[in-house]
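Please keep the sequence and the model in view while reading.

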Amino acid sequence: MQEAPAGICIFDSQLRYVQINQFLAQINCLTPAEHLGKTLREIMPSLAPIIEPLYDEILRTKTPLINIETSAENPRRPGVVLHMTGSYFPLLDKDGEAIGIGALVIDISDRKKAEAALEKSEQLYRTMASNIPNGAVMLFDTEMRYTLVEGTELAKMGLSKELMEGRTIWEVFESDFCSAIEPNYRAALAGETVVSEFTYCDRIYLGYTLPVRNERQEISGGLLMAQNITDRHVAEEALRESEEKYRCIVETADEGIWTIDAEGKTTFVNQTMADMLGCSVQETIGQSLFAFMDAEGMAIAEANLNRRREGINEKHDFKFLRRDGSDLWAMVSTNAFSDKEGRYVGALAMVADITARKQTEAALKHSEAKFRSLYELTTIAVFMSDENSIYDVNNATLKLFGYTCKEQFIGNHPGKLSPPFQPNGRDSSTLASEMMDLAFERGNHRFDWLHQRSDGTEFPAEVVLTAIEVGNQKHIQAVVQDLTDRKVAEETLVRSEQALRQQAQREQLLNQIANQIRNSLDLDTILATAVQEIRNLMQLDWCVFIWYRPNSNPPKWEIVCEAKNADLPSLLGTYAVDDKSSAAVQQILGRKIMRVDDVSLFEDVEVRAIFQLFKINSVLSLPVHTASGDIGTISCYQAVSARHWSDSEVELMQAVTAQIAIAIDHAELYTQTRTAAELARAQTQHLEQTLHQLQRTQTKLIQSEKMSSLGQLVAGVAHEINNPVNFIYGNLSYTSEYTQNLLKMLQLYEQEYPQPPVTILEAREDFEIDYLIEDLPKMISSMKAGADRIRDIVLSLRTFSRLDEAEMKQVDIHEGIESTLLILQNRLKNKPDRPPINIVKEYGNLPLVECYPGQLNQVFMNLLTNAIDAVEMEIDHFARTGKNLTITIRTEVTDNNCVAMRITDSGPGISEDVKQRLFDPFFTTKPVGKGTGLGLAISHSIVVEKHGGQLFCNSVVGEGTEFAIEIPLRQKRN
């Protein structure tokens, strides 16, 4: 960041610098350390008004702003304006809230200077081209695309800069012409300068095609300068053909040609000269030069001839006389003729008719005199100034500023006609110079200004500056118009507009209250809106709504809504009325308005004392009578000072009061309707709850009877199996002992009689005594294992049924889970169509839990049965993916003194729609005949209602399901 070639910084939410690199710090003429902890306004005050709104927008919308160009003066480098482009990004915390802003700033001052230079260069090209007589300039890039076209000849060629700029030569000209000029263009792009003549639109042009190089001296394009030389070409052709054609040119020249001999006799005039004099060529030949002059002209001509004899050539304006006696003003250029010896033999004069110019000059002099008259007689103040000071003012300016003579103005800077500072705080002289600079730049500039008369009084004015350039000198014409009367008219218009706006606001209040009546039937809302809007519009200290309760004992005022200044005490509450005959009560009962401009002058002493107690100076109170007979009042109070209640305000309050009365009637009718509807809804809800309770009771009775029968059956079976098993199990130990004794006896015989008779050996072989000796102990052990298994099953059946444990007691939860798993063992082991279901036990260290053991075992049975059903649904998926068929049982003690039991399966999971109805009675997703929809409903009832616990389901479709049971370790006693 510190070595980045661009400015990088980080601001916090208060626009304080948190981090900044060296590049940006150097731009600001400070070190990075001098930035930290300071705001943008402290570092760059001129840039802050531009950037702060952008930062506020970024922090609010959390959206970056990219490539924002700004320009500002560096306070540490006065007069130096920095041009920068910045990209600003919001910095967000982990919660997505904006905590600051990151900024990437690039200094584009050099680019701005280059753009300005480019613009100046383009303007220079265009100015140069527009000043080439009968010519045009065309600037093109390396692709032969015109980038700048200018010149007086374009229109004659049927072209324009709009038609050519941005297009290639092939897009502008016909292919034949392109083929002719393309080699010149390519030569220029190769660095050569080509001079050639070409014909276009029957005109002959001399073209200069040369390369254009950038500041690195690389060729960036080319330049074609073309000049119409058709006339010159024709003249040259004529001169080459014959002298006759040369004479023809002389005869048709626009200027008159006149030659005389040494005696001043005419030897030659061309037709143009003869036409100027108003006679034919033959009539002039041999005539004296003085024949076309008046007496004054003759004297001047005689002196001129003497200078010709001396070999002096000159150019001057001269007045001739035409044959008809009219004046011919001409600009005469004379040259003396000499022979070989240097003797004067005559003179040649080139004569241009300037009669029209002389007439124009005369008209201009007349116009200037007329303008001076208008300038002096106009009632509008006008003065003239150069770049530094005033040099002329008219009489209206003297009158407007209160001066007596022009000398009091002349030599002063225009800013001296103003107070030291303008209303915006700027120095008048400096600001006046800036206004003049803008006028020189734009041609004219209009603005408002504060002037000062000679007596020191100030007046607002509108000033129009017009730039006038005469030769190389710049002048300013200033027109000053006094705006005092217009400002007064504008203030009157503003006051009128404010009155109309207040009237519109009053109409808006009425419309808003009417809309409130249509949009809301809540009486409190209507009254609160009314008092708030009345206070806002009428700028009140208090606006309250009061109910009059005449039937209470004693009668009372009840203030139910108020809108007030924050500094004033609240008036909400009830206030006893001591006497129904008081003025306030009589006025409200009589439907009269209480209008008191000054409480101190109110006649009723009791009412006056009450108002003065709350420091109320003015009162406007209007009664509100409803259709149901209720009586209220809208009261407006002024506390700071006494207030005169206008008739328009009283009329507004009367209209508002009528609307409020209608609103109260509507609200009361709506309240009655809602009360009746609420009563009917409550009765309906009570019936629905009763029906639901009956359905749940019926479900519990069915399940209770079912589980009672099942429990008795299981207990009976266990009892019947237990007796014979005890008989078998009790004799197995003796059988094992007897068998061991017989085998030992047999071994003793073998030892004592190693050579038994043949009959015994054959019998030993027939009876497979060796195998019997080996297998008989195993058989006895297997019978004992089977008996143990039967005993365990009987114990599990008894544990599951728990007919002897119908009451709540402390039990081992794991024992109940194990008994349930033993009963379900047949469903867990492998089958021909599927592998075994794995049971993963993650038992915690649980204490004895106080519960209803039989009912809790029923919950385990329901949940484990559902888990097995869900896992079996994944058999097809298991065949494809090899996914394990697993049921996980976890137990633990929670932090809130509860025991948690979680049964998780690897089945297909449960959708959100099904989860919403899992514990509803008779709801099932199993096929017909496989489920009643009561298992989970009964389980939920046992856990929640019997044990004060929770039963909830967590499932993700495709990932399995978890049922979690939480019950307290110790049950609460009723």
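Which residues of the largest nonpolar core touch the most other members? The model is predicted, and in it this core has 38 residues, of which Ile813, Leu863, Ile887, Ile965 and Ile967 touch the most other members. Several elements each supply at least two residues of the core, among them helix H24 (813-823), helix H26 (853-872), strand S30 (886-893) and strand S33 (960-968). The largest share, nine residues, comes from H26.

Apart from neighbours within four places in sequence, Ile813 is in contact with Leu846, Val849, Cys851, Leu856, Phe860 and Met901. In soluble globular proteins, nonpolar side chains tend to be buried together.

Another part of the chain holds an open sheet. Its five strands follow the order S12-S11-S15-S14-S13, and their pairing is antiparallel. Strand S12 (266-269) and strand S13 (314-321) are at the edges, and each has a single partner strand, so one side of each has no neighbour in the sheet. On average, neighbouring strands of this sheet are turned by 30 degrees against each other, direction ignored.

Within the sheet, strand S11 (residues 256-261) is joined to strand S15 (residues 344-353) by six bridges in the antiparallel sense. Here Asp261 stands opposite Gly346 in S15. Helix H13 (residues 295-309) packs on the sheet and touches S11, S13, strand S14 (327-338) and S15. The direction of H13 makes about 145 degrees with that of S13.

The buried residues of H18 include Ile526, Ala530, Ile534 and Leu537. An α-helix has 3.6 residues a turn, so residues three or four places apart point the same way. Just after H18, Gln539 takes a positive phi of about 55 degrees.

The last step is to view the chain as a whole. It contains 29 helices and 33 strands, and 37% of its 974 residues are buried. Of the contacts between residues at least 6 apart in sequence, 50% join residues at least 24 apart. The chain exposes about 56,300 Å², with carbon and sulfur atoms supplying 53% of that area.

Key. Residues numbered from 1 in each chain as written. Predicted model: local features only at pLDDT ≥ 70, side-chain atom pairs only at ≥ 80, totals over all residues. Heavy atoms only, no water. Pairing = 2+ DSSP bridges. Helix = DSSP H or I, 4+ residues; strand = E, 2+ residues; numbered from the N terminus. Axes fitted to C-alpha atoms, helices over the stretch in contact; angles between N-to-C directions. Contact = heavy atoms within 4.5 Å. Core = buried A, V, L, I, M, F, W, Y, C linked by side-chain atoms within 4.5 Å. Buried < 20%, exposed > 50% of the residue type's maximum accessible area, 1.4 Å probe, protein only. Areas by Shrake-Rupley, 256 points an atom, 1.4 Å probe, with all protein chains shown as cover.
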